Amino acid sequence: MKGESLILKHTGQPCEEQALILPYTERAGAKIYDFEDWTPQSELELTAVKLVEEMTEFAWQKGWVGGEESAVFFVGGYPRDLMFHNLTDRGFGPKDVDIATPLSWDQVNEFLKGKGIRDLSVGGNLVNEQKYQTHRIRYPVDGDRCIEFEITSFRGEKGSIGHHPEEVWHSTSLREDASRRDFTINAMYFNPLKRELVDYFGGVEDIRDGILRPVGDARERFAEDPVRMLRYVRFLSRYQMTYSREIREVIGENASALERVSRERVRKEMETIFREPRLFSSINNLARLGLMDQVVKPEYLEGRSFVDLKEADHVPGLSYHQEGNVYRHTLEALRALQSAPLLQHFERLCSVLSKDEERFPHFGKVVEDLAEIPLAVESRGRRYQQVLDLLGYEMPWSVLLHDTGKAVTRKKKGEKIVFTGHAEVSARDAYRVAEGLRMKNQERDSLSWVVEQHVRVREFAQMGLRKKDELYNNESFPTLVMLGIVDRLGNFPSQSKDNVKQIEGLLAAVEKHVAVKMAMRESGGDRMPISGHDVMQAGVPEGPQVGELLGRLEDRWYDYFEEHGNNPEKSLMQKWLQEERVQS
């Protein structure tokens with residue numbers, strides 16, 4: 001049966017210029033869309049097509065498939081993003097190609113051995129690879145260069161144990177293989193030899209309508225692996241799709257199923273969400289769908305829900321915090337984290353800190369990498385990845401959690417609303433979240449420290465040298481400065497004169513402090529030329545008094561350097577020691 005589908009881009013209002021007619025035929029219950037003008041462009045695509053041709057020819061020669069049958073398909077991300085490219089304004093630049101085939105695991109194995117293609121499945125967890133009908137291969141390109149592909153045989157599944165199916169069997173049915181996949185947009189198959197896209201479950205229409213749907217029964221799909229609910233939110237934001245009332249109800253009813261998922265898997269899925277565009281939208285959808293309490297559990301927040309931040313209002317009518325409540329401020333801060341102004345500030349901070357190569361040895365390379373990435377909107381995602389690669393996931397986690405303490409510290413003081421001590425409460429919350437989600441100790445400590453100091457860093461320019469050093473010498477200082485900037489940009493209006501002034505003042509103060517630290521080293525080192533041993537040699541008994549004296553000496557040492565631009569002689573510090581002893 002032949003037909004044609006009227007496709008309207010879901011990212012804008014339907015109009016004549018946006019309408020696309022995609023011809024299709026119906027075959028065995030599937031719609032087959034014709035891509036006769038498709039040609040492979042990148043090295044990845046050309047190599048994948050070559051692999052498909054070799055597999056298909058091998059299968060025909062062996063008699064495993066008939067001459068008109070298809071032996072190999074591109075599946076998952078490739079056909080999905082190809083169709084989005086054709087129906088919306090999204091660009092298309094595939095980073096990988098996954099391959100699906102009706103051939104059995106053993107037949108694929110025979111092909112790989114016959115062609116001398118390296119199979120990464122041999123060794124490692126071979127039993128699982130066979131059970132789930134998967135081969136991971138390295139296909140040679142030229143010389144020693146290879147491209148990795150994953151080849152999965154069609155399979156059927158039944159039941160679930162954790163996030164794995166209870167039963168798995170090889171299938172030759174494309175429809176059966178498609179029926180086990182999570183969302184309709186991921187259940188389309190592209191035949192690169194026939195230039196056809198096969199769609200059994202309406203993925204093309206869902207792209208047209210901008211609605212994300214699970215394959216088949218939503219309750220069954222989410223019950224098979226509850227993490228799919230988090231993945232659902234990730235795809236919503238990536239493709240700017242919406243959800244139906246039915247899906248909202250299903251997720252709301254089944255959100256508690258995430259309780260049986262390991263905390264590590266929940267954290268890893270959140271970290272994947274953190275790498276996606278429109279992070280603020282993902283967090284808002286997690287809250288709206290009732291999933292946020294399964295990630296940042298109330299038990300981590302001393303019984304509070306993350307969405308309680310909606311009740312923590314700022315005073316209306318002020319010239320700042322016009323975004324309203326703290327929940328909205330958090331979303332705006334997350335939006336700012338991926339914004340052009342923030343990414344420009346990040347580049348400047350890296351440039352400033354790179355001058356202190358001893359303290360920040362990797363920042364120079366980041367500056368070089370950023371110089372290669374255009375400032376254009378389409379390159380913003382690559383710049384944001386640099387933020388995550390350098391600062392780690394503590395950066396987005398700190399933005400998400402920096403103000404959770406405001407839900408319990410909000411007090412009215414005259415005409416003002418104050419949140420005294422909220423940074424300390426938020427830091428304790430962040431620590432428990434990190435523990436609950438099984439973060440590494442270093443990540444946990446970094447996250448809680450950054451959140452605790454995020455108010456203090458606002459005063460960095462006014463601090464004395466010693467207090468500045470307390471922050472600067474912490475490994476997470478760059479993340480702290482970035483959180484300080486994000487916090488300001490999440491304060492509406494983000495580009496107000498006060499916000500611009502505060503951010504400029506912070507970056508200028510950091511730049512000045514780097515210059516001071518470099519000068520300290522050049523003048524004989526940035527360590528105080530007197531120690532606890534010297535204090536005890538001067539007659540001070542071992543105990544707390546040694547530390548107290550060292551603290552007062554350190555203050556005088558910093559003050560001297562700020563005034564003179566060089567370190568005092570040790571003899572002068574010995575004199576100060578005697579003076580401090582007398583005073584104590």
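User: What makes the contact between R304 and E302 a salt bridge?

Analyst: The side chains of R304 and E302 meet at 3.7 Å, N to O. A salt bridge is a side-chain nitrogen of Lys or Arg within 4 Å of a carboxyl oxygen of Asp or Glu. The pair therefore qualifies. Side chains of opposite charge can pair when their charged atoms come close. This is a predicted model, where local features need pLDDT of at least 70 and side-chain atom pairs count only at pLDDT 80 or more, while totals for chains, interfaces and linings use all residues. Residues are numbered from 1 along each chain as its sequence is written, and side-chain values use heavy atoms, with hydrogens and water left out.

User: Why is R304 called buried?

Analyst: R304 has a relative accessible area of 8%. Buried means under 20%, exposed over 50%, and partly exposed in between (1.4 Å probe, protein chains only). So R304 counts as buried.

User: How many salt bridges does the structure hold?

Analyst: The structure holds 50 salt bridges. One of them joins R458 to D487, with the closest N and O atoms 3.1 Å apart. R458 sits in the loop between helix 20 (441–453) and helix 21 (465–472), and D487 in helix 22 (residues 477–489). The two are 29 residues apart, and the pair links distant parts of the chain. Helices (H or I, at least four residues) and strands (E, at least two) are DSSP runs, numbered from the N terminus.

User: What makes K517 and D469 a link between parts of the chain?

Analyst: K517 forms a salt bridge with D469, the closest N and O atoms being 2.8 Å apart. K517 lies in helix 23 (residues 497–522) and D469 in helix 21, so the pair ties together parts 48 residues apart in sequence. K517 counts as buried at 2% relative accessibility. D469 counts as buried at 3%.

User: Why do strand 7 and strand 8 count as paired?

Analyst: Two strands pair if DSSP finds at least two bridges between them. Strand 7 (residues 134–142) and strand 8 have eight, in the antiparallel sense, so they pair. H135 has I151 in strand 8 as its bridge partner. Strand 8 (residues 145–153) is also joined to strand 5 (residues 98–101) by four bridges, and these two run parallel.

User: What makes helix 8 mostly covered?

Analyst: Eleven of the twelve residues of helix 8 are buried. Helix 2 (77–87) and helix 7 (218–224) are among the elements that cover them.

User: How does the span of helix 8 compare with the expected one?

Analyst: Helix 8 (residues 227–238) reaches 17 Å from its first C-alpha to its last. The expected span is 1.5 Å times one less than the number of residues.

Key
Contact means heavy atoms within 4.5 Å.
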